[in-house]
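Please look over the sequence and the model first.

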Amino acid sequence: MFDELRNACRPGMVGGFLPAMKQIANVAALPGIVGRSVGLPDVHSGYGFAIGNMAAFDMDNPKAVVSPGGVGFDINCGVRLLRTNLMENDVKPIKEQLAQSMFDHIPVGVGSKGIIPMTARDLEEALEMGMDWSLREGYIWAEDKEHCEEYGRMAQADPAKVSMRAKKRGLPQLGTLGAGNHYAEIQVVDEIYDKWAASKMGIEEKGQVCVMIHSGSRGFGHQVATDALVAMEKAMKRDGIDTNDRQLACARINSPEGQDYLKSMAAAANFAWVNRSSMTFLSRQAFAKMFQTSPDDLDMHVIYDVSHNIAKIEQHWVEGKLRTLLVHRKGSTRAFPPHHPLIPVDYQLTGQPVLIGGTMGTCSYVLTGTEQGMMETFGSTCHGALQSQHMSTRTVTQHDGTTCTTHLECAIELATSHQAPRRDLSSRLCLPRSLVVAHR
């Protein structure tokens, strides 16, 4: 981060985002912030807030603000992990066919359109109901909701606060993966550090196969954020709000613009949960087709679903007092400790499962929240796994003579990635040993 800051100060350096260190400092100067502006371990430059920057604002302070830059354009981008009762040896003989089945079921890439039937009325209901809509329509199991942050529905969502342009962009995209760093990846448990906590999640042994889905609100959330930034720039002039960076456009939390954004952001969050739920349904169908059995027989239960681009109203202890805060988490995962009332009964003793996804083909991690994190970062941690430059550039030769770059030993990757064209799928098969269960 210091190198980035020094390079940005050189003469002639123009354009792009500010260095992450400056962005974290600028957030610390926003009205109504409580405690610190926090840069988490994977922090890097983003729009307004750095990606990996979290900050909490006092709901009782009339000058406190909400900023779309503190949420991001891909509202409720998040990660979902499903377990199975399959082992690596069950998958190896049909790895190409299974990967192709995932491709066939889940649309991927820029501009992809979903295969989940949706009307304009369905969309309105999905924006309001979140995963309750998916449950009603038969796309999820009832227990899926129990293992999802916010139980898959933000109650303050108001579809009326969402523009027609956003709805038009979102209507054809439910059940699609998108592009960028999004993926649906078949993973294998490589190491278990806490067998008791892992068993509570249904992760029993090394070699167990899991499925991780990383996606968000697609074009719908992007449009919601774009619309809000325009409205907030006007509100800043009206209310005399000054920031150190124009990208930190914001509005008083209790202003019309602030409330409209929170309601439309919640609708986009619900859209993202329905999107991941739809892909959960499609993944289960893909596995059921290949193994000629039901998803239930394959034990394809959701371990947990976490968001890492969202702002939520939460209660936290600050200097010995319980305060109501609006917590912005951008590129930041919620990580609540054991016994917290907002995590499922199943995980009351272990703490909330925390999903730290790798990039496509690199290792991912499952951790649990701690009381220390609750005190230091308002129950937040990073959202992506990092490795050293040396580790990230290790090249491994595959069985077919091609090479791939990975953080870990290569065996057989099974991933639905927009970067893996169907015609080249067999030449990219190298598996990240990518699920590590650990305490943080």
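With which side chain does the side chain of S364 make a polar contact? The partner is the side chain of Q187, at 3.2 Å. The model is predicted, and the points below are grouped by topic.

**Annotated binding site**

- An unreviewed UniProt entry lists N181, H182, Y183, A184, E185, H308, N309, G357, G358, T359, M360 and S364 under "binding site".
- From this set, N181, H182, Y183, H308, N309, G357, G358 and T359 belong to the lining of the largest pocket.

**Two residues of that set**

- G358 sits in the loop that runs between β12 (353–356) and β13 (364–368).
- G358 counts as buried because its relative accessibility is 7%, below the 20% cut-off.
- Leaving aside residues up to four places away in sequence, G358 touches Y183, C363, S364 and A385.
- One of these contacts, S364, is also in the UniProt "binding site" list.
- S364 is part of strand β13, and with a relative accessibility of 0% it counts as buried.

**Helix α2**

- Helix α2 covers residues 20–28, and its buried residues are A20, Q23, I24, N26 and V27.
- Viewed down the axis of α2, these buried residues fall within an arc of 160 degrees, so they line one face of the helix.
- As a general point, an α-helix has 3.6 residues a turn, so residues three or four places apart point the same way.
- The buried residues of α2 pack against α1 (2–8), β1 (33–44) and β2 (51–58).

**A buried arginine**

- R80 belongs to strand β4, which spans residues 78–87.
- The relative accessible area of R80 is 1%, so R80 is buried.
- The side chain of R80 makes a polar contact with the side chain of S277, at 3.4 Å.

**Cysteines**

- How many disulfides does the structure hold? The count is zero.
- In general, a disulfide is a covalent bond between the sulfur atoms of two cysteines.
- C210 is buried, with a relative accessible area of 0%.
- C250 is buried as well, and its relative accessible area is 0%.

Conventions. Residues are numbered from 1 along each chain as its sequence is written. This is a predicted model: local features need pLDDT of at least 70, side-chain atom pairs count only at pLDDT 80 or more; totals for chains, interfaces and linings use all residues. Side-chain values use heavy atoms; hydrogens and water are left out. Buried means under 20% relative accessible area, exposed over 50%, partly exposed in between (1.4 Å probe, protein chains only). Helices (H or I, at least four residues) and strands (E, at least two) are DSSP runs, numbered from the N terminus. The arc is that of the directions from the helix axis to the C-beta atoms. Contact means heavy atoms within 4.5 Å. UniProt positions are given in the numbering used here, feature names are shortened, and annotations may be inferred rather than shown by experiment. On a 1 Å grid over the protein atoms alone, a cavity is a set of points where a 1.4 Å probe fits but cannot get out, and a pocket is an open set with protein on both sides within 12 Å along at least five of seven lines; lining residues have an atom within 4 Å of a point. A polar contact is a pair of N or O atoms within 3.5 Å; within protein, one must be able to donate a hydrogen and the other to accept it, and residues adjacent in sequence count only if both atoms are side-chain atoms. A disulfide is a pair of cysteine sulfur atoms within 2.5 Å.
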